Amino acid sequence: MSIDIQTIRKDFPILEKQVYGKPYIYFDSAATTLRPVQVLNAVTKIYTEFNGNPHRGSHYMSNQTTLAYENVRDKVQKFINAPTREEIIFTKGATEGINLVAYSFGDAFITEGDEIIISEMEHHANIVPWQLLAQRKKAILKVLPIIDKGELIVSELDNLITPKTKLIAINMVSNVLGTVNPIQDIIEKAHAKNVKVLIDAAQGIQHIKTDVQKLDCDFLVFSGHKMYGPTGVGCLYGKKELLDAMPPFLSGGEMIDKVSFKGTTFNKLPYKFEAGTPNFTEVIGLGAAIDYVNNIGLDKIAAYEHELLEYASLKLKQIDGMRIFGEAISKASVISFLVGSIHPYDMGMFLDKMGFAVRTGHHCAEPLMDRYRISGTVRISLAIYNTKEEIDQLVDAIKKTVAILG
Ligand code: PLP
């Protein structure tokens, strides 16, 4: 059964908006997706029907919130097939998840001279926390290179991994190139040498069915707002034995077992890593986003996005002077490009005035821009609500821009 895009589009009221008197055409879902009414309603319902601080109150509303909040933990557990619910930690996003591991795992297990491997196509969120960790611990950060078409040179891991290597942190999908990385192979190579692996699934979770048990990754992070959920919420999955062995990251209420002025003992998982009042509204909204994705079916979403990707790639390549960055065999629905010598900001500004939301700049991946010797690109990212007609309109708009600027 195929999906009915026009029905799906009705779930996203913002698509009816106009900008500058023109229909709003959204091609920036890799930055943040739009949110369907099902998610908006779930969020509104919390404030209007059962507001209460979870885990704390003994009153009815607090208990309701606790149930709804914990229910989402079960949903996430199922969604990524984690072995236990204790291994799901709510964070405010992928960035916080990576920082949690860099500080907590880093504190406990990284010492002077140890090595951490990342790749040339990482988002700053999966670079800077490791750089800072390396500085704190006098550890060494190594980089797995890519080839021009945007694929990792996985075999290079055989040279990069040494007995000092403790962790590989790698994205599932590049936010710039769209490359779907062979993370299963990377995890197997790493584990063969006793190296732990963190998967940054910020750009993967919304496109690819993720099974942490099959992958056997040690950690995995993602953000809710890139998968049709609210902002300010994300998840860290970690293997229980690792999370148990790691010290707390943020501290305060809820993450404690017993506090006295002599010292503190800590709560069990997952609460040890969830200090303070949780972002329960957003977590419950994330639950609605997972339901939304499950109801359509991730396989169907991926198949439709792939169709759009192929169509858009073909159409864009017909434009004179088009250079696409990222031509990996396995790609998610992200296309970065430049046309002739037109600066990406100029292209973005013209497209904006015609109603198109695209992303321009370095996409928080400056080392990758250096790799290609460019300052930035224009990026379109396609999601379940986009259509081929919108792509045709974009291609016309790019051609118009080229005619003016080129
Ligand atoms: N990793 C990748 C690959 C990303 O694309 C992003 C954001 O664009 C992040 C991590 C950080 O996500 P967030 O800003 O939601 O924490």
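Which residues are around the ligand? In this predicted model, the set comprises A94, T95, H123, A125, N175, D200, A202, Q203, S223, H225 and K226. Three of these residues are considered in turn below, each through its side chain.

T95 places a polar side-chain atom 2.6 Å from an oxygen atom of the ligand. H225 also faces a ligand oxygen atom: the distance from an N or O atom in the H225 side chain is 2.7 Å. On its own, the ligand has 390 Å² of accessible area. The protein covers 86% of that area.

Helix α4 spans residues 94–109. A94 and T95, both around the ligand, therefore fall within the numbering of this helix, whose span also takes in Y103, a residue that counts as partly exposed because its relative accessibility is 33%. Y103 belongs to a nonpolar patch on the surface. V128 and L132 are the other members of this patch. Together, Y103, V128 and L132 have about 220 Å² of accessible area.

The backbone shows several local features. One is a cis peptide bond between L269 and P270. Its omega is about 0 degrees. P270 sits in a loop. That loop runs between strand β12 (263–266) and helix α10 (280–296).

Positive phi values occur at D216 and at E254. D216 is not a glycine, yet its phi is about 65 degrees. The residue lies in the loop between α8 (212–215) and β9 (219–223). With a relative accessible area of 33%, D216 is partly exposed. E254 is likewise not a glycine, and its phi is about 75 degrees. E254 is found in the loop between α9 (240–245) and β11 (256–260). In contrast to the partly exposed D216, E254 is buried. The relative accessible area of E254 is 18%, and the cut-off for a buried residue is under 20%.

Definitions and conventions: Residues are numbered from 1 along each chain as its sequence is written. This is a predicted model: local features need pLDDT of at least 70, side-chain atom pairs count only at pLDDT 80 or more; totals for chains, interfaces and linings use all residues. Side-chain values use heavy atoms; hydrogens and water are left out. Patches are made of residues with over 30% relative accessible area and no salt bridge: like charges are joined within 9 Å, nonpolar side chains (Val, Leu, Ile, Met, Phe, Trp, Tyr) within 5 Å. Accessible areas come from the Shrake-Rupley method with a 1.4 Å probe; for residues, only the protein chains shown count as cover. A salt bridge is a side-chain nitrogen of Lys or Arg within 4 Å of a carboxyl oxygen of Asp or Glu. Helices (H or I, at least four residues) and strands (E, at least two) are DSSP runs, numbered from the N terminus. Buried means under 20% relative accessible area, exposed over 50%, partly exposed in between (1.4 Å probe, protein chains only). A residue is near a molecule or strand if one of its heavy atoms lies within 4 Å of it. A polar contact is a pair of N or O atoms within 3.5 Å; within protein, one must be able to donate a hydrogen and the other to accept it, and residues adjacent in sequence count only if both atoms are side-chain atoms.
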